[in-house]
Amino acid sequence: RTVYVNGEYLPEEDAKISIFDRGFLMADAVYEVTSVLDGKLIDFEGHAVRLKRSLDELDMAEPCSKEELLEIHRKLVEVNGIVEGLVYLQVTRGSDGDRDFVFPSEDTPPSIVLFTQNKPGLADSPAAKKGAKIISIEDIRWGRRDIKTVQLLYPSMGKMMAKKAGCDDAWLVEDGHVTEGTSNNAYFVKDGVIVTRPLSNDILHGITRKAVLRMAAEAQLKVEERLFTIEEAQGADEAFTTSASAFVMPVVEIDGVALGNGTPGPIATRLREIYLEESLKAAI
Ligand code: PLP
């Protein structure tokens, strides 16, 4: 695989980052994951805008322009022959060659790394046909989940807890209400109304969430942005999650309670189809 590190395209085994890089030592880094379908980037603009916001919120410098970023994405997709897959992008605060809690001086260049992941069958996914089984766990993450940082240890532990319980993923619960999934936004559907938590610092402002809510409105589906509990979601007709890498993923079970008849619901299935069709049309 060819990867991109700080201005260079290299074979992955030749790519190097300093051991003093703050991304490595302190998770002082932000990231984006952009899907590739049919060799094209899904919602690149959305990811570029959110990356800028994450960098601004952390007083981190932009490593390059949006145009350069697009060019790097496209080149990696091309040289690695990605038809269906992902482009991972990470920007860190870099390093001035030592470990210190104080940020390095402003002229310290950020580090930027991009690589591709080949995922044949990403759109026509067997997992989406089956639907996901979810467990709920306490949300003990920090209070700025709207910034897409690489602090992914707890979400990763949550996924492992789900696997151990024979499930696929976990929804996080804070003060009795669902925040989001480990790596996705969470929704349920009751009597034709789609319910999801409103945007705040408590959740990531999903690129896919924004697109899917727009498409739901265009399809005359009702959407309510409000807090909800696990119990309410368990009593729903159906549920689903959204993310840039899994699109719309139906949820068929929450903490051992099957939703509807235990198979992907009609609204989740329809939204997945609409999302894939529309975002592929707009892909660049
Ligand atoms: N919430 C969390 C915690 C995530 O990590 C992600 C994606 O990585 C999402 C939500 C979904 O966001 P997006 O649709 O932009 O991928």
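Strand β7, helix α5 (residues 153-164) and strand β8 form a β-α-β unit that is right-handed. The model is predicted, with an average pLDDT of 97 over the chain. The chain is divided into two parts, domain 1 (2-118) and domain 2 (126-281).

**Confidence**

- Of the residues, 100% score a pLDDT of at least 70.
- For the complex, the predictor gives an ipTM of 0.99 and a pTM of 0.97.

**Strand β7 and its partners**

- Strand β7 covers residues 132-138 and runs parallel to strand β14 (residues 247-254), to which three bridges join it.
- β7 also pairs with strand β8 (residues 169-174), in the parallel sense and over five bridges.
- In general, strands of a sheet pair through backbone hydrogen bonds, either parallel or antiparallel.

- Strand β10 (residues 185-190) and strand β11 (residues 193-196) run antiparallel and are joined by four bridges.
- Within this pair, Tyr187 stands opposite Thr196 of β11.
- The hairpin of β10 and β11 has two residues between the strands, and Asp191 takes a positive phi near 50 degrees there.
- β11 pairs with strand β12 (residues 222-225) as well, this time in the parallel sense, over four bridges.
- Ile194 has Val223 as its bridge partner in β12.
- From β11 the chain passes through α6 to reach β12, a β-α-β crossover that is right-handed.

**The open sheet**

- Six strands make up an open sheet in the order β2-β1-β6-β5-β3-β4, and their pairing is antiparallel.
- The edges of this sheet are β2 (8-11) and β4 (40-41), each of which pairs on one side only.
- β3 and β4 run antiparallel and are joined by two bridges.
- Val36 has Leu41 of β4 as its bridge partner.

**Surroundings of the ligand**

- Which residues lie around the ligand? They are Glu180, Ser183, Asn184, Asn185, Leu204, Gly206, Ile207, Thr208, Arg209, Thr242, Ser243 and Ala244.
- Two or more residues of this shell come from each of the elements α6 (207-218) and β13 (238-243).
- Helix α6 supplies three residues, the largest share of the shell.
- Sorted by class, the shell around the ligand holds seven polar, three nonpolar and two charged residues.

- The centres of domain 1 and domain 2, taken over C-alpha atoms, are separated by 26 Å.
- In the contact between them, domain 1 takes part with 21 residues and domain 2 with 13 residues.
- On the side of domain 1 that touches domain 2, the elements giving two or more residues are β3 (29-37), α2 (44-57) and β5 (85-92).
- Which element gives the most to this side of domain 1? Strand β3 does, with eight residues.
- By class, the residues of domain 1 on the side that touches domain 2 are nine nonpolar, seven polar and five charged.
- Strands β3 and β5, which give residues to this side of domain 1, also belong to the open sheet of six strands.

Definitions and conventions
Residues numbered from 1 in each chain as written. Predicted model: local features only at pLDDT ≥ 70, side-chain atom pairs only at ≥ 80, totals over all residues. Pairing = 2+ DSSP bridges. Right-handed = clockwise from strand over helix to strand, strands pointing away. Near = placed C-beta within 6 Å. Nonpolar A, V, L, I, M, F, W, Y, C, P; charged D, E, K, R; others polar. Domains from an automatic or database assignment. Contact = placed C-beta atoms within 7 Å. pLDDT = per-residue confidence, 0-100.
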